[in-house]
Amino acid sequence: MRPRSLAEFIGQEEILAPGKPLREAIERDLLQSIILWGPPGTGKTTLARVIADMTRARFVAFSAVLAGIKEIRDVMAGAEQTRQAMGRRTIVFIDEIHRFNKAQQDAFLPRVEAGDIVLIGATTENPSFEINAALLSRSRVFVLRALTQEEVALLLRRALADSERGFGKLKIDIEDGVIDAIARFANGDARTALNLLELAVSGAPRTSDPDGEERRRIDLALVQQVMQRRTLLYDKSGEEHYNLMSALHKSMRNSDPDASVYWLARMVESGEDPLYIARRLMRFASEDIGNADPQALTVAVAAKDAVHFIGMPEGNTALAQVVLYLATAPKSNAVYRAYVQAAEDATQDIAEPVPLHLRNAPTPLMRELKYGKDYRYAHDEPDGISDMECLPPSLQGRRYYTPTDRGFEAEIERRLKEWNLKKSTRP
């Protein structure tokens, strides 16, 4: 059922509708090097095959999973010879180009620059991270989106009606809602949808109608058996890993418990390492909540211990508990800002010596050198505080920590103002 022309292609109107630059380039056979980036089952390989059928150029396709550097060099040498002998370009299609390392990708550069080849790379990974910068700068990236549920449903109905390549010759009775159920389950992946339909058709009960013809019936119960469990798009080391973690982090920061627990579920059900999630939640507790709710970090650490102790899937509720706690806690990044500003001064300014009055003096020599001289022991002071300076001379008066008026930090700010007032009025 793979489309054989742009007219049969379903979806991706943003780049393939009539008049769009990519379609114009394909139809006029003026294509330049491109990278097709999108999730599985969205038409990257199909589009390359359509180009192969429409172009007058020599077309060579291979997979980065199977090809090595020797094969790449042979293809590049052949492309150079074809251009010199016949003036004919070679279009090189590389499926899963992100699987090539930087050295392998470099092998294409001279021929791309010389105009001997037009490179078409297909990848499910973010080209910014996975494609050689020099190669990327000589290519145009086109983003293919996941198909909509309606587009997948159209694809399924086409497969059921097609007598040449689909199931059009079979007598199939389909219960209402089956097509939509498969389309929803496929999650935008045409390949998954067609595979599920094929499994459902092959597993459907067979009966004979009054004319003696075989009929098959596909109902929702059968489809549920075939589907069992959806495999969510996820790659622990790829972009989706960071996208989902970012969505979780930003939802909690925005105090949205519903979105937060949803993104958590997406990560957990996709197989993400629960301890990785727990580590990120601990970071969030100090970065985005801090002393607005000092218990947040304690709760996050407790969730990490719970997940480590009881494992998964039982640990999922511990993660959900802490995510909901963090999402509904008062927010403050004052701790984070204090550290960033202090770290900037610590690394960029002159590293002044520790003031003598803050140094310990455990030996006679150190006391003779005035280590600890003029140190004021806070517990001996009125109210347990002194007006002794604790920063280096050039930084005295600098304030790094500015509590917010949210949560427990409002109490911290009240204390600091009270102490500063007492220090300023002390004789």
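## Confidence and composition

The structure is a predicted model, and its protein chain has a mean pLDDT of 86, with 96% of the residues scoring at least 70. Among the elements of the chain, the lowest mean pLDDT, 76, belongs to helix 4 (residues 69–86). The highest, 95, is found for helix 17 (residues 316–328).

In terms of secondary structure, the protein chain contains 20 helices and eight strands.

## Overall dimensions and surface

The radius of gyration of the protein chain is 32 Å, whereas a compact globule of 427 residues would have a value near 22 Å. Along the principal axes, the C-alpha atoms occupy a box of roughly 105 × 65 × 40 Å.

Of the 427 residues, 41% are buried. The accessible surface amounts to about 23500 Å², and carbon and sulfur atoms contribute 52% of that area. Where contacts have a separation of 6 or more, 72% of them are between residues 24 or more positions apart.

Five strands form an open sheet with parallel pairing, in the order 2-3-4-1-5. Strand 2 (58–63) and strand 5 (140–143) are the edge strands; each has a single partner strand, so one side of each lacks a neighbour in the sheet. On average, neighbouring strands of this sheet are turned by 15° against each other, direction being ignored.

At one end of that order, strand 1 (residues 34–37) runs parallel to strand 5 and is joined to strand 5 by four bridges. Within this pairing, Val 141 of strand 5 is the bridge partner of Ile 35. Helix 3 (residues 44–54) lies across strand 1, strand 2, strand 3 (90–95) and strand 4 (117–123), and runs at about 165° to strand 3.

Strand 6 and strand 8 (residues 214–218) run parallel and are connected by four bridges. Lys 171 is positioned opposite Arg 215 in strand 8.

Methods
Residues are numbered from 1 along each chain as its sequence is written. This is a predicted model: local features need pLDDT of at least 70, side-chain atom pairs count only at pLDDT 80 or more; totals for chains, interfaces and linings use all residues. Side-chain values use heavy atoms; hydrogens and water are left out. Two strands pair if DSSP finds at least two bridges between them. Helices (H or I, at least four residues) and strands (E, at least two) are DSSP runs, numbered from the N terminus. Axes are lines fitted to C-alpha atoms, for helices over the stretch in contact, and angles run from 0 to 180 degrees between N-to-C directions. Contact means heavy atoms within 4.5 Å. The radius of gyration is taken over C-alpha atoms; the globule rule is 2.2 Å times the number of residues to the power 0.38. Buried means under 20% relative accessible area, exposed over 50%, partly exposed in between (1.4 Å probe, protein chains only). Accessible areas come from the Shrake-Rupley method with a 1.4 Å probe; for residues, only the protein chains shown count as cover. pLDDT is the predictor's confidence in each residue, from 0 to 100.
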